[in-house]
Amino acid sequence: MLNEIEAGSATGLDLRAVPMDLGLVQAAAQALLDAGVRREVVIHFEAGAMVLEKEGPVHYQRSLNLPQGFIAGATGAGDAFAAGYLHGTHEGWPVAERLKLGVCAAAMCLTHSTPSQGLGRVDECWELGERLGFRE
């Protein structure tokens, strides 16, 4: 599990394009699988996240549709994404649900300038996602 900058550094691909080139993200994930990752590669970025499974399909989840002025700070958002994704993994959820919780947890983290004060319970993360919806 890594962000687009880390994935780019590990693979030599430039993943900093805006808008994000999902084909390039998938290529980076495939390169990491080919290099020896055994199960799945998770790459998260501002517009969402992608999972490429070694023995399965590619999954993509867009980030939340955040209103102007929503972001108080971005420190910790990647860790919050990871926590949400890993919680879903622990609970045995399908990849699509893990990704949704990850992006919702990351968005909650953005509501405070510290790395963790914006985080809430799982049900609060889901509620935020329902209220704001996901990017088009």
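**Labels and their grounds**

Q: What makes Q61 count as buried or exposed in this predicted model?
A: Q61 has a relative accessible area of 10%. Buried means under 20%, so Q61 is buried.

Q: Where is Q61, and which residues beyond its sequence neighbours is Q61 in contact with?
A: Q61 sits in strand β4, residues 58-62. Leaving aside neighbours within four places in sequence, its contacts are A47, G48, A49, L99, K100, V103 and F134.

Q: How do you know whether L99 is buried or exposed?
A: The relative accessible area of L99 is 1%. The limit for buried is under 20%, so L99 is buried.

Q: What surrounds L99, and where does L99 lie?
A: L99 lies in helix α4. Apart from neighbours within four places in sequence, L99 is in contact with A49, V51, H59, Y60, Q61, F81 and Y85. L99 and D21, by C-alpha positions, are 18 Å apart in space and 78 residues apart in sequence.

Q: What makes a set of residues a nonpolar core, and which members of the largest one touch the most other members?
A: The members must be buried residues of the nonpolar types, joined through side-chain atoms within 4.5 Å. The largest such core has 23 residues, and V51, L64, F81, Y85, L99, C125 and L128 touch the most other members. Two or more residues each come from β3 (48-53), α3 (77-90), α4 (95-109) and α5 (122-132). Helix α4 gives the largest share, ten residues. In soluble globular proteins, nonpolar side chains tend to be buried together.

Q: Which residues is V51 in contact with, leaving aside its neighbours within four places in sequence?
A: V51 is in contact with E40, V41, V42, P57, V58, H59, Y85, V95 and L99.

Q: How many residues are in the second, separate core?
A: The second core has 14 residues, including A7, L15, A29 and I43.

Q: What makes R38 count as buried or exposed?
A: The relative accessibility of R38 is 78%. Exposed means over 50%, so R38 counts as exposed. R38 lies in the loop between α2 (22-34) and β2 (40-45). R38 and A82 are 44 residues apart along the chain, with 18 Å between their C-alpha atoms.

Q: How do you know whether R16 is buried or exposed?
A: R16 has a relative accessible area of 60%. The limit for exposed is over 50%, so R16 is exposed. R16 is found in the loop between α1 and α2. R16 and F45 are 29 residues apart in sequence and 9.2 Å apart in space, C-alpha to C-alpha.

Q: What is the omega of the peptide bond that joins V18 and P19, and where is P19?
A: Omega is about 0°, and the bond is cis. P19 is placed in the loop between α1 (4-11) and α2.

Q: What pattern does the protein follow along the sequence, and how many helices and strands are there?
A: There are five helices and four strands, in the pattern β-α-α-β-β-β-α-α-α.

Q: Why is the protein called as compact as a globular protein of that length?
A: The radius of gyration is 14 Å, and the globule rule gives 14 Å for 136 residues. The two values are close, so the protein is as compact as a globular protein of that length. The C-alpha trace spans about 40 × 30 × 25 Å along its principal axes.

Q: What share of the residues counts as buried, and what share of the accessible surface belongs to carbon and sulfur atoms?
A: Of the 136 residues, 40% count as buried. Carbon and sulfur atoms hold 51% of an accessible surface of about 7500 Å².

Q: What share of the contacts between residues at least 6 apart in sequence join residues at least 24 apart?
A: The share is 53%.

Q: How far apart are the mean positions of the positive and negative charges?
A: The mean positions of the 10 positive and 17 negative charges are 2 Å apart.

Technical notes: Residues are numbered from 1 along each chain as its sequence is written. This is a predicted model: local features need pLDDT of at least 70, side-chain atom pairs count only at pLDDT 80 or more; totals for chains, interfaces and linings use all residues. Side-chain values use heavy atoms; hydrogens and water are left out. Buried means under 20% relative accessible area, exposed over 50%, partly exposed in between (1.4 Å probe, protein chains only). Contact means heavy atoms within 4.5 Å. The radius of gyration is taken over C-alpha atoms; the globule rule is 2.2 Å times the number of residues to the power 0.38. Accessible areas come from the Shrake-Rupley method with a 1.4 Å probe; for residues, only the protein chains shown count as cover. Lys and Arg count as positive and Asp and Glu as negative; His and the chain ends are not counted. The place of a charge is taken as NZ of Lys, CZ of Arg, CG of Asp or CD of Glu.
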